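Please consult the sequence and the 3D view alongside the text.

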Amino acid sequence: MTSHSSRPQHGGTRGKAPRTTHKPAIGLALAGGGPLGAVYEIGALAAIEEAIEGLDLNDVGIYVGISAGGIIAAGLANGISPHEMCRLFIESDLDDEADSLFKPELLLKPAWGELARRLAAVPQAALTSSLHYASRAGRTGVARSFERMKDVLPAGLFSGNGIHEYISRVFSVEGRTNDFRELDKQLVLVATDLDSGESVRFGGPGWDHVPISRAAQASAAVPGLFPPVEIDGRHFVDGVLKKTLHASIALDQGVDLLICLNPIVPYNAKIMYAPGKLAQGGLLTVLSQSLRTIIHSRVEIGMTNYAKTYPDADILLFEPSQEDAEMFFTNLFSTSSRRRMCESAYQQTREMLWRNREEIGRRLERHGLRLKVQVLRDTSLTLVRQPAQPKKDRFATARLEDTLDSLERYLKVANG
């Protein structure tokens, strides 16, 4: 099933009678996608929870997260709702870092330790290479002698420690925890062991002692951008290297309904541009589109396999439209861009749910859930507020505005 805004895919049993009224086992699997993906997931999750009666995204059976999706999953498992994440992640204009779940600027801190260590090795590597070339008296090429210089290239340009430190502070608030073992829900953050290529499930047996914040850092360690994260003597990188969603982790737990979000889709430039437009964007644009295409193809293959392997589970996959230029070209370091894109994800997801309300409604009813058609029909609902007022005005009215916003939304959704 496709739509202009988002594309849900369904796996599992079609056409069977509704199940019993016992509480359904619900799982949530969130893919990565960097800060861009996190913004999309916040907007989409807010729309999903708001439109489905009986669904509490802070109270599902299992959360599986990778990279940026791991940060969002950890926040949900800690009781932070999608609407609260929007306030913290998207709309936070406060100076205190503890008031925000995450800021993209944290990703731009240079990995000074890694860079210094590699730089210190340059003289010895250069000397060894020179001696090797000289000792062969021209019998070997310069490239072969100096090949060992590749070892002084840094394993990553930016430090991921900011992710760990920031999440640690956010989860240190009373009522939250940075310890997998203290959660009353199952949280799994997936990273890849660099030396073996194996997927490791932080939060699972043998790996639940690792702080959630450190596991999130490891899961988000994109090779080349961030150095591998050392944990217990092993080095870990981005969990997406093996799979995009790792949805089978939740499906193996016997969930009845699995909600998946994948922000990584290729952009269909032919809709707005003539062929060849993306090629004019340079190396980064070409690499981005290529990576998106590869990763998304794995999702499509995975969904097909899940439907066959887990026929008794219903799987709903939410993705942005491949025609969404905002998702492809947005500047994540612009506050206005983040606000606009989060609102777009929220509205697109609402539109998709509305267009496919009959089929999705039938599937939800099998698990004792109901699609709130009246909520989807209400075009006045928005997620992201207008940019904050100047400080002198904002602090005087912030509490009242938040209270009124929450009350208005509660009344609209409750009556849906």
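## A nonpolar surface patch

In this predicted model, a nonpolar patch on the surface is formed by Tyr133, Val142 and Phe146. Together, these residues present about 240 Å² of accessible area.

## Leu153 in the loop

The loop between α6 and α7 also holds Leu153. With a relative accessible area of 56%, Leu153 counts as exposed, because the cut-off for that class is over 50%.

Leu153 and Arg117 are 36 residues apart along the chain. A distance of 10.0 Å separates their C-alpha atoms.

## Packing of helices

Two packed helices are described by the angle between their axes and the distance between the axes. Helix α1 (residues 34-51) packs with helix α2 (residues 68-77) at an angle of about 40°, and their axes are 8 Å apart. This angle makes α1 oblique to α2. The crossing in which α1 passes α2 is right-handed.

A second pair consists of α7 and helix α8 (residues 212-219), whose axes cross at roughly 150° and come within 8 Å. Angles over 145 degrees count as roughly antiparallel, so α7 and α8 are described as roughly antiparallel to each other. The crossing of α7 and α8 is right-handed.

How values were computed. Residues are numbered from 1 along each chain as its sequence is written. This is a predicted model: local features need pLDDT of at least 70, side-chain atom pairs count only at pLDDT 80 or more; totals for chains, interfaces and linings use all residues. Side-chain values use heavy atoms; hydrogens and water are left out. Patches are made of residues with over 30% relative accessible area and no salt bridge: like charges are joined within 9 Å, nonpolar side chains (Val, Leu, Ile, Met, Phe, Trp, Tyr) within 5 Å. Accessible areas come from the Shrake-Rupley method with a 1.4 Å probe; for residues, only the protein chains shown count as cover. A salt bridge is a side-chain nitrogen of Lys or Arg within 4 Å of a carboxyl oxygen of Asp or Glu. Helices (H or I, at least four residues) and strands (E, at least two) are DSSP runs, numbered from the N terminus. Buried means under 20% relative accessible area, exposed over 50%, partly exposed in between (1.4 Å probe, protein chains only). Axes are lines fitted to C-alpha atoms, for helices over the stretch in contact, and angles run from 0 to 180 degrees between N-to-C directions. Angles under 35 degrees count as roughly parallel, over 145 as roughly antiparallel, 65 to 115 as roughly perpendicular and the rest as oblique. A crossing is left-handed if the near helix is turned anticlockwise from the far one by less than a right angle, and right-handed if clockwise.
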